[in-house]
Amino acid sequence: MRLRKKHFAIPEMHENPYVFFEGQKYKGKWREVFGNDNPIYLEIGAGKGKFTIESAMINQDINYIMVDFETNALIYGTRQIIERELTNVRAMPINAEHILDYFEENEIDRIYINFCNPWPKVRHQKRRLTYPSLLDKYKIILKPNSQIYFKTDDLDLFQDSLDYFSLCGYSTLIADFDMEEDEYPQNIVTEYERKFRNLGEKIKFGVFEANVN
Ligand SMILES: C[S@@+](CC[C@H](N)C(=O)[O-])C[C@H]1O[C@@H](n2cnc3c(N)ncnc32)[C@H](O)[C@@H]1O
């Protein structure tokens, strides 16, 4: 889905102290940014930020960073940080491909990837947020034995991603092809997930552990 251009998005985000346009400066220093040693969870491709915002409201002792290169979507999540007075959330409008410019080795405690674009055509698959070239980068910024949580509605993407994770040396802890809502009462439903659940689509859910190299 293409979002209509929001001319207010970038100027408004520049005024928001929780949004980092020059996040490279904080590589290796995110704990200082939050002012505590709480775990840092990163959501990649956060869209309008519903998942991170709701997670952060429930888990005040976890720090969250949400990233998405689409400022027309991310603007809504960044507004919520202020409106809900959340001190444990930061946001960066960045491309996941450059993630190593923003985080140091072992700086991140968990990554969430929710309903990333499935890119079904073979020539586009390298743009998937679970593509091996990205999984290798995530592994560097993740602490050893920490995990990536992945949800999607797309069966081909899920099946291919199981292969990608395994190829990149992650262990599969969960691979659920039908994530029923009542089996996961703690699940936080994302914007896209709500849409697909309402259409009766089965949600696929995986948890993958980045093993020590
Ligand atoms: C289909 S939306 C899902 C949004 C949200 N996670 C949800 O579940 O409702 C996928 C998001 O991933 C973002 N995205 C795709 N490729 C990206 C990349 N390379 N870097 C950062 N964000 C990316 C898109 O801009 C889009 O907002």
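Predicted model: local features only at pLDDT ≥ 70, side-chain atom pairs only at ≥ 80, totals over all residues.
**Exercise 1. Describe the secondary structure of the protein chain and its order along the sequence.**

Solution. Start with the elements: the chain has seven helices and seven strands. Then read along the sequence, where the pattern is α-α-β-α-β-α-β-β-α-β-α-β-α-β.

**Exercise 2. Decide what the radius of gyration says about the overall form of the protein chain.**

Solution. As for extent, the C-alpha atoms fill a box of roughly 40 × 40 × 35 Å along the principal axes.

**Exercise 3. Locate the ligand and characterise the shell around the ligand.**

Solution. Begin with the site: the ligand sits in the largest pocket. Count the neighbours next; 17 residues surround the ligand, and the closest are Gly 45, Asp 68, Asn 114, Thr 190 and Tyr 192. Sorted by class, the shell has seven nonpolar, six polar and four charged residues.

**Exercise 4. Which backbone atoms lie 2.9 Å from a nitrogen or oxygen atom of the ligand?**

Solution. Apply the cut-off for a polar contact, a pair of N or O atoms within 3.5 Å. For ligand nitrogen, a polar backbone atom of Ala 96 is at 2.9 Å, and one of Asn 114 is also at 2.9 Å. For ligand oxygen, a polar backbone atom of Tyr 192 is at 2.9 Å. Finally, consider cover: the ligand has 600 Å² of accessible area on its own, and the protein covers 90% of that.

Conventions: Residues numbered from 1 in each chain as written. Heavy atoms only, no water. Near = heavy atom within 4 Å. Polar contact = N/O pair within 3.5 Å; in protein donor to acceptor, adjacent residues only side chain to side chain. Areas by Shrake-Rupley, 256 points an atom, 1.4 Å probe, with all protein chains shown as cover. 1 Å grid on protein atoms, 1.4 Å probe; cavity = no way out; pocket = protein on both sides within 12 Å on 5 of 7 lines; lining within 4 Å. Sits in = over half its atoms within 2 Å of the grid points. Nonpolar A, V, L, I, M, F, W, Y, C, P; charged D, E, K, R; others polar. Helix = DSSP H or I, 4+ residues; strand = E, 2+ residues; numbered from the N terminus. Rg over C-alpha atoms; globule rule 2.2 N^0.38 Å.
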